[in-house]
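I opened this notebook to record what I looked up in one structure, entry by entry. The entries follow the order in which I consulted the coordinates.

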Amino acid sequence: MGPQLLTAFLVIYSMEPMKQQSTLQPFRTLAAPASSRSTLPWCWRSQRVLLTGAGGFIGCHLAEHLVRAGAHVKALVHYNSRNDWGLLECLPDDIKACLDVLSGDLTDITFVGQAVRDCQIVFHLGALIAIPYSYRSPRHFMDTNVMGTLNVMQACLDAQVSKVIHTSTSETYGSARYTPMDEAHPLHGQSPYAASKIAADKVAESFYCSFELPVATIRPFNVFGPRQSARAVIPTIISQALAEETIRLGSLNPIRDFTFVEDTVNAFLKVAESSQSIGEVFNIGTGHGITIGEVTEMILDLCGRQKNIVVEEERRRPTHSEVNALLCNNVKAKAILGWEPQYSLTQGLQRTIDYIAQHPYRYKTGTFNI
Ligand SMILES: NC(=O)c1ccc[n+]([C@@H]2O[C@H](COP(=O)([O-])OP(=O)(O)OC[C@H]3O[C@@H](n4cnc5c(N)ncnc54)[C@H](O)[C@@H]3O)[C@@H](O)[C@H]2O)c1
């Protein structure tokens, strides 16, 4: 065992009471099938990676890709008394067996410092993200998203990590002042969630400018795909299309740029791999906009259903908080990262419909009528 692995062993061993399910063997990787080994990106095989928000929607997909690419993955999940790893529980057993799962809280600097200490690359995705909840608990959003990001950046600086990938959101732009929206579009905090993410982005930026922390920021537009919960609009529509007589939604007019999660994960990997991404922000979206009403019609067509769509006042955002259009200019990501979306909206929706149809118990609607 080398000195770094020994350190990792000691750190993880000392945290054992908090991390009940982790084994004492600190880092394991998935043995790639011989045929695929030569095609794996060389850099991931030796990298020690920390992923915050690993139990979330995007995080669980990213964790799976990193393990398959041969990285040593430490997955940070939000502590709960059930020792529940969130959506990491959905991963195949051989992937889960390779993860080092740490449960704790981003707002705890001691915990974050210990988690980061032996890692080279840190993907920071952990956040509170539900906009309606941000109207009710704005302080909770600031604590988690701003102070949590400050803790991650400080811990990364102290540990001298070689790269931090910070996750922003297109919601930081607010309603489009022009489309498509490039990275120079003004930021506008139209919800406490957006405000907390703008502040978090600025914390990350300040650590790059002030301390030369090697931070790259990825700014995804709306992400969707298998495993996403029904607090997001596409799973809400699909689960209602499969189970309910009527589709109940907020405003149907906002335009969104929906990106399939596999494409978003690919962008995370490319940002991490690129030496030109440090100090930069990258929009990640398809460049195609669609209204919520239109995507609902598409989903109903793909499900082979005809249902009434009803707008419910309580589902609408307050007037000035509604973001009317988000449409991505992805020229920078294409030029610098060589990133291109691979999935059409139809392909992504079909994959998501198939997943939700097979996992009705994860969605709090009535019984699916498949
Ligand atoms: N889903 C999207 O459409 C989208 C779009 C743009 C940006 N993003 C960003 O991507 C990231 C991941 O989003 P997601 O869709 O996977 O969200 P998610 O809610 O599924 O995942 C976020 C994870 O962070 C964890 N978390 C929350 N508070 C925590 C705390 N105090 N300590 C530790 N962990 C905590 C949650 O438990 C959750 O597992 C977020 O930063 C979000 O702002 C998401």
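**Entry 1. Overall fold.** I note at the outset that this is a predicted model. I counted 14 helices and 13 strands in the protein. Of its 370 residues, 46% are buried. I then looked at contacts between residues at least 6 apart in sequence, and found that 82% of them join residues at least 24 apart.

**Entry 2. Helix α8.** I checked the length of α8, residues 138-159, against expectation. With 1.5 Å a residue, its 22 residues should span 32 Å, and the end C-alpha atoms lie 31 Å apart, which agrees. I listed its buried residues, among them F141, V146, L150, V152, M153 and C156. I asked which elements the buried residues of α8 pack against. They are the strands β1 (48-52), β4 (121-124) and β5 (163-167), together with the helices α6 (109-116), α7 (131-136) and α9 (192-211). Just after the helix, I found Q160 with a positive phi of about 55°.

**Entry 3. Strand β5.** I looked up its pairings. β4 pairs with β5 in the parallel sense over four bridges, and I121 has K163 as its bridge partner. β5 also pairs with β6 (residues 215-220), again in the parallel sense and over four bridges; here T167 is partnered by I218.

Entry 4. In soluble globular proteins, nonpolar side chains tend to be buried together. I found 98 residues in the largest nonpolar core, and L51, A63, V73, A75, L88, V122 and F268 touch the most other members. The element that gives the most to this core is α9, with eight residues.

**Entry 5. Ligand shell.** I asked how many residues surround the ligand, and which are the closest. There are 24, the closest being G53, G56, H78, A127 and T169. By class, I recorded nine nonpolar, 13 polar and two charged residues in the shell. α4 (57-68) and α8 each supply at least two residues, and α4 gives the most, with three.

Definitions and conventions. Residues numbered from 1 in each chain as written. Predicted model: local features only at pLDDT ≥ 70, side-chain atom pairs only at ≥ 80, totals over all residues. Expected span 1.5 Å × (residues − 1). Buried ≥ 20, exposed ≤ 12 C-beta atoms within 10 Å, placed from the backbone. Contact = placed C-beta atoms within 7 Å. Near = placed C-beta within 6 Å. Nonpolar A, V, L, I, M, F, W, Y, C, P; charged D, E, K, R; others polar. Core = buried A, V, L, I, M, F, W, Y, C linked by C-beta atoms within 7 Å. Pairing = 2+ DSSP bridges.
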